[in-house]
Amino acid sequence: IMRRLGLGLILFFFISCQPIEVLEPVVFDNNQLNSFTVSANDIKINQVYEIKFTEPYIDHSLKNTPVKRLNAWLSENINTSGLENVLEINILDASIKKNDLVNATAKKFEEKNIYNYELFFLVEFNLYTEMNHLIASTVVETNRTTTSGQFISISQKERIIDELILESLIDLSNETSRLLNIYFTDYIL
């Protein structure tokens with residue numbers, strides 16, 4: 001009996017040992033996103049958006065917030081070249097929300113409750129003359145969502161949120177390219 005119990009414990013130990021899942025971090029390389037050069041002497045980036053500290057917003061709990069990633073992309077990828085005009089960029093929204101949802105399509109042994117993450121970017125681009133006359137303007141917005149189970153590790157949660165931010169930045173970069181080429185045609189170099 002002791003031999004079987006010992007053998008059972010050893011077998012249980014080997015079965016319960018699972019390899020540790022190593023998650024590669026999401027790489028934010030702004031060089032992979034669209035870059036723009038606008039005919040302007042100066043650029044001003046105004047962060048109008050203020051992080052909300054109430055549910056369902058989770059910006060305040062993140063190490064690298066969407067607004068921080070957005071500011072980095074704007075600073076690195078929007079350039080000016082010229083002797084006149086001022087490009088003003090207003091970050092109106094860069095929020096991320098987490099809501100509880102019931103997964104209606106969950107199978108018998110799957111989680112019924114899941115988290116839905118929603119990220120929303122809203123950025124305004126205005127080009128002014130030296131006399132403060134508006135000569136070009138556009139508003140760019142993107143919205144993206146993803147889901148996760150409720151019982152995941154912190155590293156899995158961070159990876160899911162980082163992927164959501166990166167994919168949203170790619171969407172924003174592409175939409176910015178499209179709209180600047182329409183509304184800033186005479187001022188894009």
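The model is predicted: local features need pLDDT of at least 70, side-chain atom pairs count only at pLDDT 80 or more, and totals for chains, interfaces and linings use all residues. Residues are numbered from 1 along each chain as its sequence is written, and side-chain values use heavy atoms, with hydrogens and water left out.

**Sheet and helices**

Helices (H or I, at least four residues) and strands (E, at least two) are DSSP runs, numbered from the N terminus. Two strands pair if DSSP finds at least two bridges between them. An open sheet of 4 strands runs in the order β2-β4-β5-β6, with mixed pairing. Its edge strands are β2 (42-47) and β6 (134-149), each pairing on one side only. From one strand to the next, the twist averages 15°.

Strand β4 (residues 86-102) and β5 are antiparallel, joined by 16 bridges. Within this pairing, S95 stands opposite F120 in β5.

Helix α2 (residues 66-77) lies across β2, β4 and β5, at about 150° to β4. Helix α3 (residues 154-183) also packs on the sheet; α3 touches β4, β5 and β6, and its direction makes about 155° with that of β6. Axes are lines fitted to C-alpha atoms, for helices over the stretch in contact; angles run from 0 to 180 degrees between N-to-C directions. Contact means heavy atoms within 4.5 Å.

**N116 in β5**

N116 is found in strand β5 (residues 113-128). Is N116 buried or exposed? N116 is buried, with a relative accessible area of 14%. Buried means under 20% relative accessible area, exposed over 50%, partly exposed in between (1.4 Å probe, protein chains only). Not counting residues up to four places away in sequence, N116 touches K97, K98, N99, L101, T145, T146 and T147.

**Rings**

Rings of Phe, Tyr and Trp (its six-membered ring) pair if their centres lie within 6.5 Å; planes under 30 degrees apart count as stacked, over 60 as edge-to-face and the rest as tilted. The whole structure holds 2 aromatic pairs. In one, F36 and W73 have ring centres 6.4 Å apart and planes at 85°, so the pair is edge-to-face. F36 sits in strand β1 (residues 36-38) and W73 in helix α2, 37 residues apart, so this pair links distant parts of the chain. Both residues, F36 and W73, are buried.

Two lysines lie over tyrosine faces. A charge sits over a ring if NZ of Lys or CZ of Arg is within 6 Å of the ring centre and within 35 degrees of the ring normal.

| Lysine | Ring | Distance from ring centre |
|---|---|---|
| K52 | Y57 | 5.1 Å |
| K98 | Y115 | 4.3 Å |
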